[in-house]
Amino acid sequence: MDRCTGDAVAHVTGAKLGRRSLKFMDYGIMAATFVNLETGKAFRVISTEDARDLASHYAPEVLGKYEQQLEAYKRMPDSVLFRVEEVEVPLSEFDLPGPTRRKVSCNRCGQVVRDHREVAVNGDNLCQPCANGAYFKDAREVTWPEMNWAPVSGKQKAAGSKRSEPLSLRVQT
Ligand SMILES: [Zn+2]
């Protein structure tokens, strides 16, 4: 899930998108699955929709909607806050944290596609946007003169060298 729960899970567990230890699935459901990569055991924790409505029952003396929810969630038993399922999570080596295991270039746009996310279409390897469409549309590559700016290293600064000449602009139509 996204929204605040996504950040909460990342913060509490230390799992990160950048390490590939956290994956985002956009189901619109407030749930998180925790997989032990050594044992394969996995548990899916699902937020109940009841907890919010029960806040006044668990913290009747607390005024303010959000203050009451905060206090009530601390008092509620796990069984009111969550349902938990033991689940199987099929994972291939291409889903795991660690370095990229495979790279291919899309035969249409040239973009490198990692870890088997390419799609085979009539013998071509295509990236998913080329094969199936994407969440964006009408992509037009843009450049600007300052795009060629690069930090000057300490040595170059000392020698008084100027910024390198801009490379020629590339515009893809
Ligand atoms: Zn492509």
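Colleague: Is Val62 buried, exposed or partly exposed, and how many other C-beta atoms lie within 10 Å of its own?

Modeller: A residue is called buried if 20 or more other C-beta atoms lie within 10 Å of its own, exposed if 12 or fewer do, and partly exposed in between, with the C-beta atoms placed from the backbone. Val62 has 16 other C-beta atoms within 10 Å, and it is therefore partly exposed. Please keep in mind that this is a predicted model, in which local features need pLDDT of at least 70 and side-chain atom pairs count only at pLDDT 80 or more, while totals for chains, interfaces and linings use all residues. Residues are numbered from 1 along each chain as its sequence is written.

Colleague: Where does Val62 lie, and which residues does Val62 touch, not counting those up to four places away in sequence?

Modeller: Helices (H or I, at least four residues) and strands (E, at least two) are DSSP runs, numbered from the N terminus, and Val62 lies in the loop between α3 (55-58) and α4 (65-75). Two residues are in contact if their C-beta atoms, placed from the backbone, lie within 7 Å; leaving out residues up to four places away in sequence, Val62 touches Glu67, Gln68 and Glu71. The C-alpha atoms of Val62 and Ala72, which are 10 residues apart along the chain, are separated by 8.8 Å.

Colleague: How many helices and strands does the protein chain have, and what part of its residues is buried?

Modeller: The protein chain has seven helices and seven strands, which run from the N terminus in the order α-β-β-α-α-α-α-β-β-β-β-β-α-α. Buried residues make up 5% of the 173 residues in the protein chain. As for contacts with a separation of 6 or more, 32% of those in the protein chain come from residues 24 or more positions apart.

Colleague: How should I read the pairing of strands, and what is the order of the open sheet of three strands?

Modeller: In general, strands of a sheet pair through backbone hydrogen bonds, either parallel or antiparallel, and two strands are counted as paired if DSSP finds at least two bridges between them. Here the open sheet has the order β1-β2-β3, with antiparallel pairing. Its edge strands are β1 and β3 (82-87), each of which pairs on one side only. Direction ignored, neighbouring strands of this sheet are turned by 20° against each other on average.

Colleague: How many bridges join β2 to its partners, and which residues stand opposite each other?

Modeller: Five bridges pair β1 with β2 (residues 42-47) in the antiparallel sense, and among the facing residues are Phe34 opposite Phe43 in β2, Val35 opposite Ala42, and Ala32, whose bridge partner in β2 is Val45. On the side of β3, six bridges join β2 to that strand, again antiparallel, and Val45 stands opposite Val84 in β3. None of the six residues of β3 is buried, so β3 lies largely in the open.

Colleague: Which residues have a positive phi, and where do they lie?

Modeller: Most residues other than glycine have a negative phi. Among the positive values is that of Arg20, near 65°; Arg20 lies in the loop between α1 (3-13) and β1 (31-35) and, with 15 C-beta neighbours inside 10 Å, counts as partly exposed. Asp115 takes a phi near 55° in the loop between β5 (112-114) and β6 (119-121), and Asp115 is partly exposed, with 17 other C-beta atoms within 10 Å. Of the 11 residues of α1, the number buried is zero, so α1 lies largely in the open.

Methods. Axes are lines fitted to C-alpha atoms, for helices over the stretch in contact, and angles run from 0 to 180 degrees between N-to-C directions.
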